[in-house]
Amino acid sequence: MHPALAGLVTIVIGVGGCLAYFWLSNQFLDKVLFPAKGPQAGRNINRANQIRPWLFLFPALFALGLYLAYPVVETIRLSLTERVTQADGTTVYEFVWFANYVQMSADPKFWEAMFNNMLWLIVVPALSTAFGLLAAQLTDRIWWGNVAKSLIFMPMAISFVGAAVIWKLIYDARPPDTNQIGVVNAIYVSLTGNDPVQLLTVPFWNNFFLMIVLIWIQTGFAMVILSAALRGIPEETVEAAIVDGANPFQIFFKIKVPQIAGTIVVVWTTITLVVLKIFDIVFAMTNGQWGTQVLANYMFNQLFVARDWGVGSASAMVIMLLVTPILVWNVRNARREMR
Amino acid sequence: MDNIAGSKPTLTWAVHISVVALVLLWLFPTIGLFVSSFRTADQISSSGWWKALFPTEQNMTLRTAAPETQVQEGDLWVIEGNLFEEENSDATIATWGTSSRDLSAYQPGDTAEDDGMRLTVEADGAYRLTSGTEMEGRRGERVFVVAETPPDFTLANYRQVLLSGDSTDSMSKAFFNTLTVTIPATIIPIVIAAFAAYALAWMDFPGRALLIAFVVGLLVVPLQLALIPLLKLHLGIGIGKGYLGTWLAHTGFGLPLAIYLLRNYMVGLPRDIIENARVDGATDFQIFTKIILPLSFPALASFAIFQFLWTWNDLLVAKVFLIDATGQTTVMTNQIVELLGTRGGNWEILATAAFVSIAMPLLVFFAMQKYLVRGLLAGSVK
């Protein structure tokens, strides 16, 4: 069957199936299992209403459990096992305790990835939030601010792979004494007269060239959220500051920023989550060569290039561990809100 | 707030200028890709794309036609023609000369005299060479010109990428594959999540708070963790690599955000409407389909855009769950990564392919930005 047709059939079956499931299961509950008539009508209605939420929830819970909760458990298990092919050709998973973690921590590439990820974690959320805050504050005060916002926000829609191509063109280097077509080298050569530099191969600094791509994408996100927060600041606090003779910088840093600190933290953590999982940009631009490895790409290499599921799962667990503080914090916030 | 800026015109100007600078800085990379996709390989490799927007000046050495084409007019021998005849270009001549040392000796329309020969060259390259005696030699006279070439753009790259069917360059198959992945992967989670969100928002049952916390927790679980266990599962139950597994994976990964966004929105709907409907005897199923769903349209749209952008732009899930050894089911992001490998220097193909893949998200982005912003605000600000 042609894939497009299969897609169409899937939509029909998927959507139709979901609707049919919800409708039929409700019918079954109300008409067959606990009919709202006869001597026990009242009790039946109550029972049906106790079960109904679970009918509504079942498909979602099933999918969540299978596609997100189960993998967490399974990854823990895999990270503690080694895949062994036996003499008769079957594979078994042998329990090896922490051998995979030990093996991983002996790999310099892993520590390179850890170090780079920490760099990313410091630089990208900080700069994205700072630029976002700057853009939000500036665009809020001019009549064409919405157009400007929309344009700064636009990279959000571009895939990491697309962004990788866009920025590779910017970082491009041609042989010396020919016209440079990458803008960075064109400026560098015309200013200094030095030979052009293959920017993505310069150790250490190339990490920052990759980070710029993500900052470029995430600034729009930070700007949109922070701009809404800035608008929510009570006018009186700003007016009181003006009356007291504060200059615009004081107003911004001493009046506005403290009031949106909560939102800044949310933006910061959201971008942190993106950074922890960053894969596409590194994969497409350097594939971890020249000292630019990051955890997610390291893991991908272990899983699908080296085909070592044990170490791959162990490195996935490292990412999970790094995410856990944010997870706990989010859950606690959500619970506090519901009370 | 505005009155501070308003009271100081210099500050207002500073704000305007900095925003212009910021916007230009943010647009510059994308415009570079866009412009490059309309240039030929030669143009891209010979000059930066930012020069493509302006006419370029070029020093050229051209020749008049050979003496054998001369005709006699009275007592003059004459050769007429166009210097650009063979080049077939729409360049215009800025200045010209008869010696390579002085290219700016004459303006277009001027006449140069040398050894009894007179040469007139017009801006469009038309020339007239006359001589009192018969001209000799096998080749024409050399003319040195400074030519201005206007910006020149081509659609050939798009033809190559979209229509040629070339197996390495063609994006058309990948485009449809991406579409095939994206649409079911966007619609199905919405349906499933909407029911769950309704239950979590408006139905009372023990353990509801716990379930909400569970969803919030899953919101941040990195999907990297799911790759191997799910691939094992798919291979184990016979789905293997393919569209079905990809749709399921995208559905699973999209659900936490979908449930979270939709529940937050539904909780905010007015309680009166729902309770009135209950009193009037509507079942939960009816309340959901007749009242909640239509009212939740903005939240549904927000999530749909998120999920669309995410599935369209995804590389990892496609690489793990979809693309098999035959490469028949490649998606655009993967195709571009492969082009980066095989055609790393061919910017005309790369730029065009990348632009084809980002055109659709950009379209959706600009058309439905309102909902995207709303969804972001609902999803992150607490």
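In the predicted model, Phe283(A) and Phe300(A) are both buried. Their ring centres lie 5.4 Å apart with the planes at 70°, so the two form an edge-to-face pair, the cut-off for that class being an angle over 60 degrees.

A second aromatic pair, found in chain B, is stacked: the rings of Phe195(B) and Phe285(B) are 6.2 Å apart from centre to centre, with 25° between their planes. Because Phe195(B) sits in helix α5 (residues 172-202) of chain B and Phe285(B) in helix α10 (residues 284-295) of chain B, this pair ties together parts that are 90 residues apart in sequence. Phe195(B) and Phe285(B) are likewise both buried. These two residues also take part in a cluster linked by ring pairs, which includes Tyr198(B) and Phe288(B) from chain B as well as Tyr21(A), Phe22(A), Phe56(A), Phe58(A) and Phe62(A) from chain A. Over all chains, the structure holds 39 aromatic pairs.

As regards the organisation of chain A, the domain assignment gives domain 1 (3-71) and domain 2 (103-338), and the C-alpha centres of these two domains of chain A lie 42 Å apart. An unreviewed UniProt entry lists residues 114-330 of chain A as "domain: ABC transmembrane type-1".

How values were computed
Residues are numbered from 1 along each chain as its sequence is written. Chains are lettered from A and ligands numbered from 1 in the order in which they are written. This is a predicted model: local features need pLDDT of at least 70, side-chain atom pairs count only at pLDDT 80 or more; totals for chains, interfaces and linings use all residues. Side-chain values use heavy atoms; hydrogens and water are left out. UniProt positions are given in the numbering used here, feature names are shortened, and annotations may be inferred rather than shown by experiment. Domain bounds come from an automatic or database domain assignment. Rings of Phe, Tyr and Trp (its six-membered ring) pair if their centres lie within 6.5 Å; planes under 30 degrees apart count as stacked, over 60 as edge-to-face and the rest as tilted. Buried means under 20% relative accessible area, exposed over 50%, partly exposed in between (1.4 Å probe, protein chains only). Helices (H or I, at least four residues) and strands (E, at least two) are DSSP runs, numbered from the N terminus.
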